[in-house]
Amino acid sequence: GSSQYTALYKQELVKGLLAGAEVAEVSERAEGKITTADLTGGMGIDSWFISRIAAKHFYFERTAELAEATEYNFRQLGAENVIFSSRDILSDDCAVLRELQGQGIDLIYIDPARRTSSGGKAILLQDYEPDVIALQELLFSASRYILVKVSPMADIKLNLKHLPFTSQVHVVAVDNECKELLFLLDREHKGEEPQIKCVNISISAGEGEPFIFAFSQEETARPQYTSQIGKYLWEPSKAVLKGGAYKLVSQRLGAAKLAPSTHLYTSYEKIDCFPGK
């Protein structure tokens, strides 16, 4: 399914952030000397791909059966650098997070459960389990970087208010279906505007050219408008639409918007790098 593609994307993200491109092969993994942790391990697909580029990886999953099954699978696949635990990171006043403080962790990954106590879908970050907003300070005491996966339905700007240390937001679509919103938090973030990176991964053709922007650029962008349809009609990818780069697409790529509230664009020339179809 798409989860393998999004897991690979996260692996590349972590590698680019911490390891540099030279830690491409598992055999060279230890050279990167990266230590990572996944606080919500689950079936372990994200943990697997992240652990492949780490010297040491901590996996936590509060459901013991799931943790055991994942550990068994990892051992069968020959992963010796993963430390498994079925402890709940919130129990005993977040004892796990306090213990992680001296472990030299470079990046913590967390994919909080998006279910409310009544069993409905949680869209707001503070309703996730665990509540990353409340844990931010404690997480930062254990790691400089925190990568948080949130609902693809979530409001990016609202979440940025709650997560002020965000340096990057990755909007990841697979075959033009928005699958993941990833917020990269950096303890050393100096308050400059976060980068929004919109990417569409095609299962047949691989990762497309990302569209990267900041919200202030979108706010000040001056799009072109037209009432004529040119030779080409363009529709941005779901990732770009979710990211909200409506005016910038026109300004940067020279495609005219058909109307202010319609996200269709037109041009007479073919735009090879258009982030859409």
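Me: Does Tyr59 count as buried or exposed, and at what relative accessibility?

Reply: The model is a predicted one, and what follows is computed from it. A residue is called buried when its relative accessible area is under 20%. Tyr59 falls under that cut-off and therefore counts as buried, with a relative accessibility of 0%.

Me: How many aromatic pairs are there, and which kind of pair do Tyr59 and Phe74 form?

Reply: The count of aromatic pairs comes to ten. In the pair of Tyr59 and Phe74, the ring centres are 6.5 Å apart and the angle between the planes is 55°. Planes under 30 degrees apart would count as stacked and those over 60 as edge-to-face, so with its 55° this pair is classed as tilted.

Me: Which parts does the pair of Tyr59 and Phe74 tie together, and how many residues apart are they in sequence?

Reply: Tyr59 belongs to strand E2, residues 56–60, whereas Phe74 belongs to helix H4, residues 64–76. The pair therefore ties a strand to a helix, and these parts are apart in sequence by 15 residues.

Me: Which kind of aromatic pair do Phe74 and Phe84 form?

Reply: Phe74 is buried, having a relative accessible area of 3%, and Phe84 is buried as well, at 15%. Their ring centres lie 5.4 Å apart, with 85° between the planes, and the pair is edge-to-face.

Me: Where does Phe84 lie, and which residues form one aromatic cluster with it?

Reply: Phe74 lies in helix H4 and Phe84 in strand E3, residues 82–85, so their pair ties together parts that are ten residues apart in sequence.

Me: Which strands stand at the edges of the open sheet of three strands?

Reply: The order in this sheet is E11-E13-E12, and the pairing is antiparallel. Two of these strands have a single partner strand each, so one side of each is left without a neighbour in the sheet. The strands at the edges are E11 (232–234) and E12 (256–259).

Me: Over which ring does the charged end of Arg252 sit?

Reply: The charged end of Lys157 sits over the ring of Phe215, 4.7 Å from its centre. For Arg252, the charged end is 4.8 Å from the centre of the ring over which it sits, and that ring belongs to Phe211.

Methods:
Residues are numbered from 1 along each chain as its sequence is written. This is a predicted model: local features need pLDDT of at least 70, side-chain atom pairs count only at pLDDT 80 or more; totals for chains, interfaces and linings use all residues. Side-chain values use heavy atoms; hydrogens and water are left out. Two strands pair if DSSP finds at least two bridges between them. Helices (H or I, at least four residues) and strands (E, at least two) are DSSP runs, numbered from the N terminus. Rings of Phe, Tyr and Trp (its six-membered ring) pair if their centres lie within 6.5 Å; planes under 30 degrees apart count as stacked, over 60 as edge-to-face and the rest as tilted. Buried means under 20% relative accessible area, exposed over 50%, partly exposed in between (1.4 Å probe, protein chains only). A charge sits over a ring if NZ of Lys or CZ of Arg is within 6 Å of the ring centre and within 35 degrees of the ring normal.
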